[in-house]
Amino acid sequence: QSGHYGRGLLSNLRSIESFKPKELLASILAALAHDVNHPGVNQNFLIKTASHLMKINGNTSLLEQHHSKVAKSLIKESGIISHLSLNDQDDILRLVDDMIMATDMAQHQKYVNNMKALMVGGYDPENAEHRKVVLRLAMKCSDLCNTARPWSTCVQWGKLVLEEFWRQGDEEKKMMFDVIEMFDRDQCVPSKALTGFIDYIAEPLFTLWADFCDTSFTRDICRLIDNNRSHWEEVITLPVSAVMATGV
């Protein structure tokens, strides 16, 4: 879903004609592959369990490093960019890496602040670094787009995300690790967790994107997020089993 959503975001960019084709292609490829070969647990779990991924990538953005390596290998092996010059291929792979690294939630505020600074200082579409700042934010929006989908889609993705968190929490309990509330299926209140994510992460992120692009599409996205938050509020008093039931 991120690749499709990313295309929609990019098509609403200001001065899209100033973006090089390889920049747009790299962004779409990154959106498609940004979570490739995900192990289903987060970075903290991999560090606490001394995972082989930590040993290979260290403890900073280790999942994003892994996704990027796998993504770039798949792109090269598929031959999808083999018709381009070697320089363009290298540029695309570097951009794919850059975009995937922007999905590290531990660095979320940095990328948001960079975009805010760019908007205050003035966006120059001819400046390659400015374009990168914009593309990174588009990548982040694509990564978190489940909150900006129609409710029927948003609710299913929300439940899938929580189930993934809870499976990790189950494993942490077996290993006698501390488990944070959102990862504890016995403590987490789904609607509170997901409205909190909207309030502190998704809504400010997509509002920033809408302020930059200022199109009917981006304004509609913000309305969808508000609508989804209202739906989660409506079920906030329901038992967890009812919230997680299909069709809520």
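Me: In this predicted model, which helices do the buried residues of H5 pack against?

Reply: The buried residues of H5 pack against helix H2 (21-33), helix H3 (43-48), helix H4 (52-57) and helix H6 (86-101). The residues concerned are Leu62, Leu63, Glu64, His66, His67, Ser68, Ala71 and Ile75.

Me: What makes these H5 residues count as buried?

Reply: Buried means under 20% relative accessible area. Leu62, Leu63, Glu64, His66, His67, Ser68, Ala71 and Ile75 are the residues of H5 that are buried.

Me: How do you know that the length of helix H5 agrees with its number of residues?

Reply: Helix H5 covers residues 62-78, which is 17 residues. At 1.5 Å a residue the helix should span 24 Å, and its end C-alpha atoms are 24 Å apart, so the two agree. Just after H5 comes Gly79, with a positive phi of about 80°.

Me: Why is Ser61 called buried?

Reply: The cut-off for buried is under 20% relative accessible area. Ser61 has a relative accessible area of 6%, so Ser61 is buried. Ser61 sits in the loop between H4 and H5.

Me: Why is Asn37 called exposed?

Reply: Exposed means over 50%. Asn37 has 51% relative accessibility and therefore counts as exposed. Its place is the loop between H2 and H3.

Me: What is said about phi at Asn37 and at Ser61?

Reply: Asn37 has a positive phi of about 60° although it is not a glycine. Ser61 is not a glycine either, and its phi is positive, at about 50°. Most residues other than glycine have a negative phi, which is why such values are pointed out.

Me: Which residues touch the most other members of the largest nonpolar core?

Reply: They are Leu13, Val96, Met115, Val134, Phe206, Trp209 and Trp232, out of 53 residues in this core. H2, H5, H6, helix H7 (108-121), helix H8 (128-143), helix H9 (151-174), helix H10 (190-213) and helix H11 (216-234) each supply at least two of its residues. H10 gives the most, with 11 residues.

Me: What does Leu13 touch, leaving out residues up to four places away in sequence?

Reply: Leu13 touches Phe19, Val134, Leu135, Trp209, Phe212 and Cys213.

Me: How many residues line the largest pocket, and which are the closest to its centre?

Reply: The largest pocket has a volume of about 1,300 Å³. Of its 37 lining residues, Met105, Asp143, Leu144, Val161 and Phe165 are the closest to the centre. Helix H1 (2-11), H2, H3, H5, H9 and H10 each supply at least two residues of the lining, and H9 gives the most, with seven. By class, the lining has 19 nonpolar, 13 polar and five charged residues.

Me: Which helix gives the most to the lining of the second largest pocket?

Reply: H6 does, with four residues. H2, H6 and H8 each supply at least two. The second largest pocket holds about 160 Å³ of space.

Definitions and conventions
Residues are numbered from 1 along each chain as its sequence is written. This is a predicted model: local features need pLDDT of at least 70, side-chain atom pairs count only at pLDDT 80 or more; totals for chains, interfaces and linings use all residues. Side-chain values use heavy atoms; hydrogens and water are left out. The expected span of a helix is 1.5 Å times one less than its number of residues. Buried means under 20% relative accessible area, exposed over 50%, partly exposed in between (1.4 Å probe, protein chains only). Contact means heavy atoms within 4.5 Å. A nonpolar core is a set of buried Ala, Val, Leu, Ile, Met, Phe, Trp, Tyr and Cys residues joined through side-chain atoms within 4.5 Å. On a 1 Å grid over the protein atoms alone, a cavity is a set of points where a 1.4 Å probe fits but cannot get out, and a pocket is an open set with protein on both sides within 12 Å along at least five of seven lines; lining residues have an atom within 4 Å of a point. Grid points are joined across faces, edges and corners, and a volume is the space filled by probe spheres set on the points. Ala, Val, Leu, Ile, Met, Phe, Trp, Tyr, Cys and Pro count as nonpolar, Asp, Glu, Lys and Arg as charged, and the others, Gly among them, as polar.
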